[in-house]
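Subject: Structure handover

Hi,

Here is the structure for your review. My notes on what turned up follow below it.

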Amino acid sequence: MQGEKKKKIVKTIKVDVDKCNGCRACEVICSAFHANPKYSSNNPSRSRIRVIREPVRDIYVPVYAGEHAPAECMGRDKYVIDGKEYDECSFCRASCSSRDIFKEPDSGLPLKCDMCESDPPLEKPMCVQWCLNDALIYEEREEEVEEEEPLEEMEIGLESLAEKYGLQNLKEAITRLSKKE
Ligand code: SF4
Ligand code: SF4
């Protein structure tokens, strides 16, 4: 839904790939920060940043979880950088049905980087704080943007469940659950 233009703080994390040594501290702290309760567990497969690693070929590229893709796209991307060939879709940020990355391992629900939104707000996202090699650089800037209604995390999850099981089945399951309360 489109709305009025308004000023907004745009948060970015610049990734300096040459400085990443594949230590995966960013994955560990992201999963711990988003555990429920906070810091009660850490499991990189729950992280919203994943380091594409191939130590033998000296490849480490941090990739952030982006939007959920409702269906596989028709094409595949393959990159060759400095003579090193990366696997198909390696740098795609989407949580999509063609692979397991950026999905909550128990529920299969999509994961997306939320820039560590919290109350009170953090000075810098946790992955940036924990990257001792300065491969992740946090920046903020003010921009005039079209106001959009953001999808809440719960809505993204419901949308994904509706795609997986069908909207009617989801509605029936919610009805059954509400009768149990
Ligand atoms: S913490 Fe920094 S150096 Fe370590 S894997 Fe993540 S981005 Fe790379
Ligand atoms: S900014 Fe926060 S939510 Fe996003 S990947 Fe880093 S630690 Fe995870």
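How much space lies in the second largest cavity? About 60 Å³. Keep in mind that this is a predicted model.

Cavities, overall: a search of the whole structure finds two of 30 Å³ or more.

**Second largest cavity**

Ligand 2 sits here. The lining is made up of Cys30, His34, Arg48, Ile49, Tyr64, Cys113, Asp114, Met115, Cys116 and Cys127. By class, that gives seven nonpolar residues, one polar and two charged.

**Shell around ligand 2**

Which residues surround ligand 2? They are Ile13, Cys30, His34, Arg48, Ile49, Tyr64, Cys113, Asp114, Met115, Cys116, Pro125 and Cys127. Nine of the shell residues are nonpolar, one is polar and two are charged. Because Asp and Arg count as charged, Arg48 and Asp114 are the charged pair in this shell. Cysteine counts as nonpolar here, so Cys30, Cys113, Cys116 and Cys127 fall in the nonpolar group.

**Largest cavity**

This one holds about 90 Å³ of space. Its lining has 15 residues. Cys20, Cys23, Cys26, Cys131 and Ala135 lie nearest its centre. How does the lining divide by class? There are 10 nonpolar, three polar and two charged residues.

Please look over both cavities when you set up your own work.

Best wishes

Terms used:
Residues are numbered from 1 along each chain as its sequence is written. Chains are lettered from A and ligands numbered from 1 in the order in which they are written. This is a predicted model: local features need pLDDT of at least 70, side-chain atom pairs count only at pLDDT 80 or more; totals for chains, interfaces and linings use all residues. Side-chain values use heavy atoms; hydrogens and water are left out. A residue is near a molecule or strand if one of its heavy atoms lies within 4 Å of it. On a 1 Å grid over the protein atoms alone, a cavity is a set of points where a 1.4 Å probe fits but cannot get out, and a pocket is an open set with protein on both sides within 12 Å along at least five of seven lines; lining residues have an atom within 4 Å of a point. A molecule sits in a cavity or pocket if more than half of its atoms lie within 2 Å of its grid points. Grid points are joined across faces, edges and corners, and a volume is the space filled by probe spheres set on the points.
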